[in-house]
Amino acid sequence: MGANDAFLQDAYSRTVSEVVERVGPSVAAVRLHGAGGSDDRLGGGSGFLFTPDGYVLTNSHVVRAGKPPAAARPELRHQVSLADGREFDARWVGDDPDTDLAVLSIDGLSRGALAHAPLGRSAGLKRGQIAIAIGNPLGFEHTVTAGIVSALGRSMRTSTGRLIPDVIQTDAALNPGNSGGPLLASNGEVIGINTAIIRGAQAICFAVAADIAHWVIPQLLQHGRVRRGYLGVAGQTQELHRRVVLTYELPNATGVRVMSVEPDSPAARVGVHEGDLIVGLDGVAIPSVDALHQALDSSRVNRDCVLKLIRGVRQPVPLYLTVRPLEVLR
C-alpha cells in the first residue's frame, strides 16, 4: 500500500469515526413488550432521537410487531435504551405503515437537551456517497457499518400494498434489528431510515429517504397518522389503446381500470362505473394505481377534485366528474 492509499484509508476511517462519535449517542434500541410484563418481549429494532426533547423516529413495522392498527397501541408497550445505558418507557405518537415510519416519545425525562441526530435532506444525494448505518442488528446494540449509496429513486412496496417512492439503496451491511436506525451521510446528517433487506442477496439494503420523513413527521405529530384521500374504487393499471391516447392527447399510454366501486363511496356518489379508465386527477396524469395513491394526499381530503375518466369501449369518450375524497382512517 502506497503513501497515498494510506492517506485515503485514514481519511475514510476518520470520517466514519467522527460521524459515529457525534451521532452514536442519539441512536436507540427499541423493544416491544406485550401487556403481560417485561418478560413478554414481542420484538424490536432500532431508532434515533431526532429532537432534543425525546422524540424517536423508527419504522412502523418495529412499533407494531405485525399487529393491526387498532390493536397495536393498547396491547404493546415500547421501551427505548440509549447508548449510555439509560432505559425509558416510550409513548406511541403516531405511525404510517404506507411509508413504514413511526414516531415515539420518551417518557420520564429530566429537563435538559438530549443528543439527537440532525435530519438532513435526500434530494441532493449522489451514487457513490459514503453511507453509514448505526443500529442493533441481531440484538448487537450500537453496531456500525459503512458503505456507499448504491442507487437512488428505487421504489418499495409496503405491507399495505402502497409504494414508497425515492427509496435509497445502500451496500452498508444491514441485518434484522437495523430497521428504524439512521443511514448517515459523511457530514453526520440522517439521509435515510433503514427499513429493509433482500433475503439471500448480498449488500442490497434499502432506506426510506429523509425527504419522505420530513413530509410524514409533522402529520404524525399532529394527527398520529398521515391523512390520505379515499375514492372507494379498486383498480388495476391497464394499457390504453393507441387511438385513445392520440385522440385525447393523453401524456401516458396507461391508466387505472376501475374493477369495482364501493357502495356510497365518493366515487359511487358521482357516478364512477366499473370499467371506467381513470387517467387524471386535478390536472395530474394518473398512469397507474401507485400514481393514484400518491395523488390522493392530504391536500385533496374533503375538497372538490376533478376526476378525468375515459368511458366506453367502442366509442370511448372523456368525462370530467367532480369528486370529494374522504379521509382514509386506519
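I began with Ala234, which stands opposite Ser260 in strand 15. The model I am reading is a predicted one.

Entry 1, strand pairing. I asked how many bridges join strand 14 to strand 15. I found seven bridges between strand 14, residues 233-239, and strand 15, residues 254-261. These two strands run antiparallel. I then followed strand 15 to strand 16, which covers residues 277-281. Two bridges join strand 15 to strand 16, and this pair also runs antiparallel. Within it, I noted that Arg257 stands opposite Leu277 in strand 16.

Entry 2, cysteines. A disulfide is a covalent bond between the sulfur atoms of two cysteines. I looked for pairs of cysteine sulfur atoms within 2.5 Å, and the count came to zero disulfides.

I asked which strand holds Ser105. I located Ser105 in strand 6, residues 101-106. At 6% relative accessibility, Ser105 counts as buried, because that value is under 20%. I then listed the contacts of Ser105, leaving aside its neighbours within four places in sequence. Ser105 is in contact with Gly54 and Tyr55, with Asp89, Ala90 and Arg91, and with Val93.

Notes. Residues numbered from 1 in each chain as written. Predicted model: local features only at pLDDT ≥ 70, side-chain atom pairs only at ≥ 80, totals over all residues. Heavy atoms only, no water. Pairing = 2+ DSSP bridges. Helix = DSSP H or I, 4+ residues; strand = E, 2+ residues; numbered from the N terminus. Buried < 20%, exposed > 50% of the residue type's maximum accessible area, 1.4 Å probe, protein only. Contact = heavy atoms within 4.5 Å.
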